[in-house]
Amino acid sequence: MDRLPSISVIIPTFRREDALIRAIASTHEPDLDVEVIVIDDSPERSAESSVVKLGRSDVRYVAMPTPTGGRPALVRNLGIDLARHEVLYFLDDDDQVLPGGLRAFAEALATHPEAGVAFGTVRCVGPDEQTRVRYQAWFDHVAASARAVRRSSWLTAGVVMFRGTVLINSCCAIRRDVARDLGGYDPEIEVYEDVEFFTRGIRLAGHCFVDQPVLLYSTAVSYTHLTLPTN
């Protein structure tokens with residue numbers, strides 16, 4: 001591989017300054033060209049002072065011109081428009097990318113120039129051990145499913161559509177040109193808009209599976225759709 005692609009990390013945020021600072025810190029990746037775009041969806045621009053205090057030239061703060069009232073697709077789509085780098089990575093403000101995660105995405109997409117999307121596996125953290133274990137079991141199950149169909153983007157998309165998602169937003173990266181060809185996230189979809197977006201990307205441009213944990217996922221907030229399969 002001649003060189004690794006540059007990465008734009010897009011972090012939508014809403015009134016979670018402490019978690020946001022941890023998310024930003026996790027994006028540091030030596031010897032990789034990374035820019036971070038923080039997009040604040042709060043009307044009072046609550047994250048601005050925290051981001052400015054970091055004094056990092058690689059981190060841009062942007063306030064949504066019109067706060068969306070909880071429509072992350074619109075916030076992420078602004079990030080797609082603003083991104084300068086070749087690969088986009090959307091990090092939720094309460095999660096963290098694991099050390100080496102961004103490099104793993106860059107290496108995977110450099111090794112597989114035919115693929116438009118890369119996604120990896122998830123490690124969970126959270127205050128309640130029972131919840132954390134339950135979520136980790138779910139993520140381990142879907143990682144096994146993704147591993148089984150990794151050689152076929154059509155099978156991977158089919159598994160997502162007909163058997164249950166094998167990915168979530170912050171364990172995926174996508175080439176900027178592919179994201180723009182897709183027209184971004186669909187703001188009319190209220191739930192699973194991230195799954196729909198990346199599945200369209202896989203169907204349009206193919207994928208590669210990064211068989212390692214790339215995301216530290218917070219289970220502090222419970223989502224009822226992350227339930228273990230019964231068989």
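This briefing covers the strands, helices, loops and selected residues of the structure above.

The model is predicted: local features need pLDDT of at least 70, side-chain atom pairs count only at pLDDT 80 or more, and totals for chains, interfaces and linings use all residues. Residues are numbered from 1 along each chain as its sequence is written, and side-chain values use heavy atoms, with hydrogens and water left out. Helices (H or I, at least four residues) and strands (E, at least two) are DSSP runs, numbered from the N terminus.

**The sheet**

- An open sheet is formed by 8 strands, in the order β3-β2-β1-β4-β7-β6-β8-β5, with mixed pairing. Its edge strands, β3 and β5 (96-97), each pair on one side only.
- Two strands are taken to pair if DSSP finds at least two bridges between them. In general, strands of a sheet pair through backbone hydrogen bonds, either parallel or antiparallel.
- Strand β1 (residues 7-13) is joined to β2 by 7 bridges, and the two run parallel. Within this pairing, I11 has V38 in β2 as its bridge partner. Between β1 and β2 the chain passes through helix α1 (residues 17-26), in a right-handed β-α-β crossover.
- Right-handed means that, with the strands pointing away from the viewer, the path from the first strand over the helix to the second runs clockwise.
- Strand β3 (residues 59-63) pairs with β2 in the parallel sense over 5 bridges, and V36 stands opposite V59 in β3.
- Strand β4 (residues 87-90) pairs with β1 in the parallel sense over 4 bridges. The bridge partner of S8 in β4 is L88.

**Burial of strand β2**

- Strand β2 (residues 34-40) is mostly covered, with 7 of its 7 residues buried. Buried means under 20% relative accessible area, exposed over 50%, and partly exposed in between (1.4 Å probe, protein chains only).
- Both faces of β2 are covered: one side carries V34, V36, V38 and D40, the other E35, I37 and I39, and all are buried.

**Helix α6**

- In helix α6 (residues 153-162), the buried residues are S153, T156, A157, G158, V159 and V160. Among the elements covering these residues are β6 (117-125), α8 (193-205) and β8 (207-218).
- Contact here means heavy atoms within 4.5 Å.
- The N-terminal end of α6 is capped by S152, with a side-chain oxygen 3.4 Å from the backbone nitrogen of W154. A polar contact is a pair of N or O atoms within 3.5 Å; within protein, one must be able to donate a hydrogen and the other to accept it, and residues adjacent in sequence count only if both atoms are side-chain atoms.
- After α6 comes G164, with a positive phi near 125°.

**Packing of helices α3 and α8**

- The axes of helix α3 (residues 72-82) and α8 come within 10 Å and cross at roughly 40°. Axes are lines fitted to C-alpha atoms, for helices over the stretch in contact, and angles run from 0 to 180 degrees between N-to-C directions.
- The two helices α3 and α8 are therefore oblique to each other. Angles under 35 degrees count as roughly parallel, over 145 as roughly antiparallel, 65 to 115 as roughly perpendicular and the rest as oblique.
- Residues P72, A73, R76 and I80 in α3 meet E193, D194 and F197 in α8.

- Most residues other than glycine have a negative phi.
- R15, which is not a glycine, has a positive phi of about 55°. R15 sits in the loop between β1 and α1 and is partly exposed, at a relative accessible area of 46%.
- R45, also a residue other than glycine, has a positive phi near 55°. R45 lies in the loop between β2 and α2 and is partly exposed, at a relative accessible area of 39%.

**Individual positions**

- S6 is in the segment before β1 and counts as buried at 8% relative accessibility. Not counting residues up to four places away in sequence, S6 touches D33, H85, E86 and V87.
- A25 is in helix α1 and counts as partly exposed at 46% relative accessibility. The C-alpha atoms of A25 and Q96 are separated by 8.3 Å, with the residues 71 apart along the chain.
- E114 lies in the loop between α4 (101-111) and β6 and counts as exposed at 55% relative accessibility. The C-alpha atoms of E114 and V133 are separated by 36 Å, with the residues 19 apart along the chain.
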